[in-house]
Amino acid sequence: MDTLPKDHPTPVAALAGHSAVVTGAGQGIGRGIALALAAAGAQVAVVGRTAATLGAVTEEITARGGRAAPFVCDVTDGRAIDALAPAVAAEFGGITLLVNNAQTPAPGTLLEIDEHTYHAGMASGPTATWRTMRACHRYLKSGGAIVNVGSAAGIRWNPAGTGAYAAAKEAVRVLTRTAACEWAADGIRVNAILPLAESRAMEQWAQREPEAAAEYLATVPLGRLGDPEADIGPAVVFLCSDAARYITGHTLAVDGGQALVR
């Protein structure tokens, strides 16, 4: 069975023998990353809060000939994360790859945003990333790789209106660099990506503010938003593969060149 959709750039079997954990994998970028990892040969733990969406992604992967299993887990719950790692390891025989993608939005100016929203963004972003990396560390030793999902909001010259979200995502990048340095001796590589991709939120924004959305898209040299599976996923596959074995502590913008013009 052909495990790749047409025109998909991910090389088949680049990650054969690997077992990956992907948080926030029930939709959007997380779903695209999970599909791309599976297409490259990895077994995928599809992690998130909603059983129905996790089941749908798992079925997509298995229908293409891959192997996946859904794991319901609220990444803001430390005990749930501690239970997740051994459960995935028991299902797949280990964990060699980890992608921290889950993140609760935290929109609003610094005066508008309330403390609950602010803390929810931090809990689902950097705190969950820190917990999940620690929980998976013992399984990742001697050849594992981690990819953490940051955001271009954190490097935008004017993050007004997205400051809390940008702060959470920049904290994820600091944790990425720190783990890359501290865990290199353990044989674990740790990198981050800054994706720009199609999403429900982007679609809603374009419908609500078409002129602003068009102006934003005009800042992307390649002239389009990325596809979560065909554009963002392969970048994660690369960073997880042996092709990137000498890359760690790096942040890769996967954004059609937009980072170049900020």
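**Exercise 1.** Where is the place of Ser142? Describe its backbone and exposure as well.

Solution. The model is predicted.
- Step 1: Ser142 sits in the loop between H4 and strand S5 (145-149).
- Step 2: Its phi is positive, about 70°, although Ser142 is not a glycine. Most residues other than glycine have a negative phi.
- Step 3: The relative accessible area of Ser142 is 70%. Exposed means over 50%, so Ser142 is exposed.

**Exercise 2.** Classify the packing of helix H3 (residues 78-92) against helix H4 (residues 115-140).

Solution. 
- Step 1: The two axes come within 9 Å and cross at roughly 30°.
- Step 2: Angles under 35 degrees count as roughly parallel, so H3 is roughly parallel to H4.
- Step 3: The crossing of H3 and H4 is right-handed.
- Step 4: On the H3 side, the contact is made by Gly78, Ile81, Asp82, Ala85, Pro86 and Ala89. H4 contributes Ala128, Arg131, Thr132, Ala135, Cys136, Arg138 and Tyr139.

**Exercise 3.** Is Gln258 buried or exposed? Name its surroundings.

Solution. 
- Step 1: Gln258 lies in the segment after strand S7 (251-254).
- Step 2: Its relative accessible area is 3%. The cut-off for buried is under 20%, so Gln258 is buried.
- Step 3: Not counting residues up to four places away in sequence, Gln258 touches Leu196, Tyr216, Thr219, Val220 and Pro221.
- Step 4: With Tyr216, the side chain of Gln258 forms a side-chain to side-chain polar contact of 3.4 Å.

Note on methods:
Residues numbered from 1 in each chain as written. Predicted model: local features only at pLDDT ≥ 70, side-chain atom pairs only at ≥ 80, totals over all residues. Heavy atoms only, no water. Axes fitted to C-alpha atoms, helices over the stretch in contact; angles between N-to-C directions. Helix = DSSP H or I, 4+ residues; strand = E, 2+ residues; numbered from the N terminus. Parallel < 35°, antiparallel > 145°, perpendicular 65-115°, else oblique. Left-handed = near helix turned anticlockwise from the far one by under 90°. Contact = heavy atoms within 4.5 Å. Buried < 20%, exposed > 50% of the residue type's maximum accessible area, 1.4 Å probe, protein only. Polar contact = N/O pair within 3.5 Å; in protein donor to acceptor, adjacent residues only side chain to side chain.
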